[in-house]
Amino acid sequence: MECLGVSSVQSLQALSDLLSTRQEDDGDEERESQQNASVYAQLGPGHIGPPPKNDKEVSTANVKKDSKDIWNEEEVPEGSQYDDLADPRPQPEYEIILKQSVGTEDLFLGLNRKDPSSMCCEAMLVKIKLPDIKATDVFLDIKEKFLDLRTPKYKLGLHLPHPIHSHGGKAQFFSEREELEVTLLMNRPMDFINMQ
């Protein structure tokens, strides 16, 4: 059993020597004979290969030197400023429906190559139930990938499943159903291919 342990320690040392990039001197055999068993006992998986580099230098390729900003806009995920865990207001019920404009030439003849998949959808409809709320109490802010809705009773911070055109939407409040419908036009990089 001991022979097996020494064999595996020697195998580990041989593997470390193979993976190491440092210069080896000619006295490999003398060096191995001088090391004692306690050194072999301290070897582990982290000792295989070259020693780790301690690079504490931070790459400043993306940092603007003239700017006094603490961070860039790309470093902060969109919508995270609205996440408030201490806010006790509940989230209202909502539903996201994808929409597409389909005519008879699409339905019967298939001329525009549209299919029922979500890739061919042009708009997103978000239905939000707001019981006991008036339209004047609703604050709505829409970003490219985030919808922020606030009322005195409810709060909704919704990360949208697809990017949208933030200036091309439409919101309508139905007081008889106590529901807000927000229609958002989707912004997809391949729209010129899919929508022809």
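Modeller: Before we look at anything, one cut-off: a residue is buried when its relative accessible area is under 20%, and exposed when that value is over 50%. Keep in mind that this is a predicted model.

Biologist: Fine. How does Asp148 come out, buried or exposed?

Modeller: Asp148 has 2% relative accessibility, so it counts as buried.

Biologist: Which residue does Asp148 meet in a salt bridge?

Modeller: The general idea is that side chains of opposite charge can pair when their charged atoms come close. Here the side chain of Asp148 meets that of Arg150, at 3.2 Å from N to O. Arg150 itself is partly exposed, with a relative accessible area of 23%.

Biologist: How many salt bridges are there by this rule?

Modeller: The count comes to six. One of them joins Asp132 and Lys153, at 3.9 Å from N to O. Asp132 sits in the loop between β2 and β3, and Lys153 in the loop between β4 and β5, so this pair ties together parts 21 residues apart in sequence. Asp132 is exposed at 59% relative accessibility, while Lys153 is partly exposed at 41%.

Biologist: And what about Asp141, which residue does it form a salt bridge with?

Modeller: With Lys143, where the closest N and O atoms are 3.7 Å apart. Lys143 is partly exposed, at 32%. There's also a network of salt bridges linking Lys129, Arg177, Glu179 and Glu181.

Biologist: Let's zoom out. How many helices and strands does the chain have?

Modeller: Five helices and seven strands. Reading from the N terminus, the order is α-α-α-β-α-β-β-β-β-β-β-α. Of the 196 residues, 22% count as buried.

Biologist: Take a strand, then. Where is Thr183, and which residues does it touch?

Modeller: Thr183 belongs to strand β7, residues 179-185. Leaving out residues up to four places away in sequence, Thr183 touches Lys99, Ala123, Met124, Leu125, Gly169 and Lys170. Its relative accessibility is 17%, so Thr183 counts as buried.

Biologist: Which residues form the negative patch?

Modeller: Asp69, Glu73, Glu74 and Glu75. Glu75 lies in the loop between α3 and β1 and is exposed, with a relative accessible area of 54%.

Biologist: And what share of the whole accessible surface belongs to carbon and sulfur atoms?

Modeller: 53%, out of about 14800 Å² for the protein chain.

Terms used. Residues are numbered from 1 along each chain as its sequence is written. This is a predicted model: local features need pLDDT of at least 70, side-chain atom pairs count only at pLDDT 80 or more; totals for chains, interfaces and linings use all residues. Side-chain values use heavy atoms; hydrogens and water are left out. Helices (H or I, at least four residues) and strands (E, at least two) are DSSP runs, numbered from the N terminus. Buried means under 20% relative accessible area, exposed over 50%, partly exposed in between (1.4 Å probe, protein chains only). Contact means heavy atoms within 4.5 Å. Patches are made of residues with over 30% relative accessible area and no salt bridge: like charges are joined within 9 Å, nonpolar side chains (Val, Leu, Ile, Met, Phe, Trp, Tyr) within 5 Å. Accessible areas come from the Shrake-Rupley method with a 1.4 Å probe; for residues, only the protein chains shown count as cover. A salt bridge is a side-chain nitrogen of Lys or Arg within 4 Å of a carboxyl oxygen of Asp or Glu. Lys and Arg count as positive and Asp and Glu as negative; His and the chain ends are not counted. The place of a charge is taken as NZ of Lys, CZ of Arg, CG of Asp or CD of Glu.
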